[in-house]
Every structure is written in C-alpha cells, then in structure tokens.
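Open the model in your viewer and keep the selection panel at hand. Each stop below gives you something to select and tells you what is there.

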Amino acid sequence: MSKREGKILSLTGTDISQLNQSQMQKHFKQCLDSGIHGIGFSAFREGQEPGDQLDIEQIQERMAILKPHTGWVRSFSCCLGNELIPMVAKQMGLKTLVGAWLGDDLEKNELEIEGLIDLAKKGYVDVCAVGNEVLYRDDLSEEQLLEYIARVKEAVPNLPVGYVDAYYEFEDRPAVTEICDVILANCYPFWEGCPIEYSLLYMKDMYNRTIKAAGGKKVIITETGWPNRGQSFHGAVPSEENAIRYFLNSQQWCESEDIEMFYFSSFDESWKIGAEGDVGAYWGL
C-alpha cells in the first residue's frame, strides 16, 4: 500500500468536526504514519537561526525523522549549509522543492541564485522556487524578481520554475504569474484572522482564487498550517486541538481533490518569535 492510498483510507469519509480530541490525535498519528505529500523543512537546532551555518549531521538527523512521513521536502535557501538539504533528501529517496532566498542584499541574492542553479544542474532539484514572499516584504521590485526568475529558467530549462508568495499576489501581479511555470502559493487562513470553524472554506477560496489567476498552470500550495500555541490573531485561536483539526481537514481535502500541498512546518522554531510574536514559534508538527 502506498502512502497516498493509506492516507485516503484513514481519512476519507471521516467527519473531522465530530471527533473529540483523543480521536483527532489518533487520526493525526495515522495520517502522519501513512504519509503526507510534502513538508517545509527546518534544520535549525535550538539557539540557531537564519544566518547560522548548518552542518550535514543535523540535516541528516532531521531528515531521518521526516523520511517515513512525507514524499517531498521544501527548503528555503541555497547557502550556509542549506544547499545540503536537497542533497540529503535525494540520498533518502525524497523529492525536493528547493528555494533560493532573495532579499534586499543583491550580493547574497547572487549566491542564492547561483546555488540554486548549481543544485538543479546536479540533479538535486525537482521544482525550483526563486524567492519567497519577496514582493510581500517589498524587498525587491517586480522587475528585479522577473529577472531572477528568467535567469533560472534559462539555466535549467528542463525543470519547472516558480516563485512563492501569498496567493493574492498572483492575482495582483500578472507578469509574475505569466513567467512562472508553476504557481507556488502560500495560504494561511490563520494570518487572515479566520476562526477554525471556517478555515477550510477559507482555504478552498484562497486556492480557487489562485487557480483562476493561474490560467491553467499547475498550482501547488507551498505553505499552510495552524499554530499550536501563542496569542490569538483576531478570530484565529492557536491550540493543539485547532492545529490538529486544521491539519486533518486540509489533508483530507487535498487528498480528495488531488492537490499538492507542503505543510508548514516540520518542527517548532523558537527563533521566529521575534518576527511573528510568540505564535511564530509553534507551527511544527
């Protein structure tokens, strides 16, 4: 039995809203044991943060934990040891969505772009992601981003190349949508203050809006999730129960509609408290 088949058997026909917490925890474990499509990979140990050098041992240790539970991993950078993530993933038989982290430091951007191209040419990449929420953060202009995407597409013409951002950016930026081979959309009902009761409907709307903007191109949900601790964001309340409920609802929906989704994230990351408040640290499965 494949991971995908096992997951369908464990979730199809189950009304998640009617499960108590103990039943949800049981289904949560069954779903992870049978495997999910993909997950955002974090290699940072406690006390580390972006900018720190990663070593291969910690990547292998984390990847070994995830290997039985997913078919794909998504990485976010191609420098400071992050370039080892897709290498280790491939050695363990996993597929990779590999990102070049772009920002307002143009010298670092060059290292990231060259690193992504190098990994792709060596066979460590299945999907290339040129930047993550660069437009959302206003780190680069649209024209600069388009140039980076075009460079990677020219360098590795046989691989799908896309850009990751919030789903609505692909409605608002038709030139970006046009240049991408695949649309890589982040969809977070939590960060739009949606109560857990309506979060799946909200997620479906995010996805359908992206599908419409994509104009027939493949859409992959590159991030979604729900925090298990922290302060509420408007009507969205973090808790272990809500995190499990959201996970099960989203996995069941993606299985039934054959949607490719990378869940965020693999492990809690305390360094994110500074960027997103206390809730930022608690998104890990």
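**Before you start.** This is a predicted model: local features need pLDDT of at least 70, side-chain atom pairs count only at pLDDT 80 or more, and totals for chains, interfaces and linings use all residues. Residues are numbered from 1 along each chain as its sequence is written, and side-chain values use heavy atoms, with hydrogens and water left out.

**Stop 1: the helix pair.** Select residues 199–214, helix α10, and residues 240–257, helix α11. Helices here are DSSP runs (H or I, at least four residues), strands likewise (E, at least two), numbered from the N terminus. The two helices pack at about 45 degrees, with axes 10 Å apart. Axes are lines fitted to C-alpha atoms, for helices over the stretch in contact; angles run from 0 to 180 degrees between N-to-C directions. α10 and α11 are therefore oblique to each other (under 35 degrees is roughly parallel, over 145 roughly antiparallel, 65 to 115 roughly perpendicular, the rest oblique). Their crossing is right-handed (the near helix is turned clockwise from the far one by less than a right angle).

Now show side chains. From α10, pick Ser199, Leu200, Met203, Lys204 and Tyr207; they meet Tyr246, Asn249, Ser250 and Trp253 of α11. Contact means heavy atoms within 4.5 Å. By class, this contact has 5 nonpolar, 3 polar and 1 charged residues (Ala, Val, Leu, Ile, Met, Phe, Trp, Tyr, Cys and Pro are nonpolar; Asp, Glu, Lys and Arg charged; the others, Gly among them, polar).

**Stop 2: Glu142.** Go to helix α7, residues 142–155, and select Glu142. Is Glu142 buried or exposed? It is buried, at 17% relative accessible area (buried is under 20%, exposed over 50%, partly exposed in between; 1.4 Å probe, protein chains only). Leaving out residues up to four places away in sequence, Glu142 touches Leu135, Arg173, Ala175 and Val176. With Arg173, there is a side-chain to side-chain polar contact at 3.1 Å (N or O atoms within 3.5 Å; within protein, one able to donate a hydrogen and the other to accept it, and sequence-adjacent residues count only if both atoms are side-chain atoms).

**Stop 3: backbone details.** Select Glu133, in the loop between β4 (127–132) and α6 (134–137). Its phi is near 55 degrees, positive in a residue other than glycine. Glu133 is buried, at 18%.

Next, Asp258, in the loop between α11 and β8. Phi is about 55 degrees, positive although Asp258 is not a glycine. Asp258 is exposed, at 59%.

Finish at Phe264 and Ser265, joined by a cis peptide bond with omega about 10 degrees. Ser265 sits in the loop between β8 (262–263) and α12 (273–276).
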